[in-house]
Amino acid sequence: MGRFFGGDCDADAIAPVNDWMTPFSRHVCVTTSGRTDQYGGALFIDLPANMFGSLIMGFVTGHSTDWPVLPLLTHDHPLQSEDGLHLGIKTALCGTITTLSSWNAQMVWMMDGTGTDLGSQVIAALFGYILGMQASIGSFRAGRTLAAWFHLKNNPHIFRSVNIIAENTSNSPIAETTKLKGRHLWNARIIPSFLATTLFVLYILGDFYWGIEYYRQLWISCLFGPFGTVIRWKLSKLNGKWNQWVPVGTFISNFLASAMSAVISAVVTSPVLNTSSWTLHSLKAISLGFAGCLSTVSSMVKEVVEITDKNPYFDKKAFIYSYGTLISCCLIGLLFYSPVVRYV
């Protein structure tokens, strides 16, 4: 998604990629990497992906925990009770699509300015943080609105009284649900696995058969991504333990991932490495796969909106958490990135 909306327009910033998407993506120059002479770095490369992932998160979250997770299906559909599938969509899919580490890394190297055509772009980077946060929050809220529209059609009972909800639930076709359960559960587990395996194989073919090194970074990222996702999921269990309103686990995940991504960005920028080496692609894959999946924007904006909804309008908790996370990640990124690119 980053390539399609602007990555392929920055041919001087990254190795040019020539594949099936290139003829289309080179004409869709919405975002920029901040490294070339193209202005507009506030619209960073990962902005479309963060918005899309936040939209999906809002869509499966809805306005209430009592709502069915999948708005496209009725409340008595077998997949509505598949907690593993729901966790996979929210934690794995949305968390993988969105990334705070790469977003923060671009803002850091724009602020530092070393190796960029335009030099230091502090103002653009600050607007990048603000636009990125507000756009993601807006996308999450838009996803919740879409969920309400679909629920109004597929599950209208959730907008009525509690008694009607109980009545509809008790009258649901249990026998039919049990009959369909096996087939639906098979589809829920086999289809995602098949799609993921197919993508992985295509990435390997793109590297070794078609000779496009860009895909080497992608298939190696697929190997590191699950580890970042699992660690983030484990850290999310810390949310609410040390402080009632601060999601400590999500903050730690984003903070660590941002630090790691900043270090890798600095090392990759260093002229010591050969740009065609396996080491370079492996480092980029760790940043994209492990750090990208360790960090999350969709979960963070979900938490920000929930904190906002639970407190009075004048409460500062959501503001402190959201921009406190961005400021912390920015500072740790500059601390690790600037000394390496300037003095090593």
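This report walks through the helices, the cores and a surface patch of the structure above.

Please keep in mind that the model is predicted. The chain is built from 13 helices and 0 strands, so its pattern along the sequence reads α-α-α-α-α-α-α-α-α-α-α-α-α. Here are some overall values for the chain:

| Property | Value |
|---|---|
| Buried residues | 46% of the 344 residues |
| Contacts with a separation of 6 or more that join residues 24 or more positions apart | 70% |
| Accessible surface | about 17,500 Å² |
| Part of that surface belonging to carbon and sulfur atoms | 68% |

Let us look inside next. The largest nonpolar core holds 41 residues, and those touching the most other members are Leu-100, Trp-103, Met-107, Tyr-129, Met-133, Leu-326 and Tyr-337. Elements giving two or more residues to this core include helix H5 (101-112), helix H6 (122-154) and helix H13 (317-343). The largest share, 8 residues, comes from H13. Leaving aside residues up to four places away in sequence, Leu-326 touches Leu-100, Trp-103, Asn-104, Tyr-129 and Met-133. Apart from this core lies another one, of 8 residues, with Val-17, Leu-218, Ile-220 and Ala-285 among them.

Now to the outside. In soluble globular proteins, nonpolar side chains tend to be buried together. On the surface here, however, a nonpolar patch is formed by Val-30, Leu-43, Val-122, Ile-123, Leu-126, Phe-127 and Leu-131, which together have about 600 Å² of accessible area. Leu-43 sits in the loop between helix H2 (22-25) and helix H3 (47-61). Its relative accessible area is 34%, so Leu-43 counts as partly exposed.

Terms used:
Residues numbered from 1 in each chain as written. Predicted model: local features only at pLDDT ≥ 70, side-chain atom pairs only at ≥ 80, totals over all residues. Heavy atoms only, no water. Patch = residues over 30% accessible without salt bridge, like charges linked within 9 Å, V, L, I, M, F, W, Y side chains within 5 Å. Areas by Shrake-Rupley, 256 points an atom, 1.4 Å probe, with all protein chains shown as cover. Salt bridge = Lys/Arg side-chain N within 4 Å of Asp/Glu carboxyl O. Helix = DSSP H or I, 4+ residues; strand = E, 2+ residues; numbered from the N terminus. Buried < 20%, exposed > 50% of the residue type's maximum accessible area, 1.4 Å probe, protein only. Contact = heavy atoms within 4.5 Å. Core = buried A, V, L, I, M, F, W, Y, C linked by side-chain atoms within 4.5 Å.
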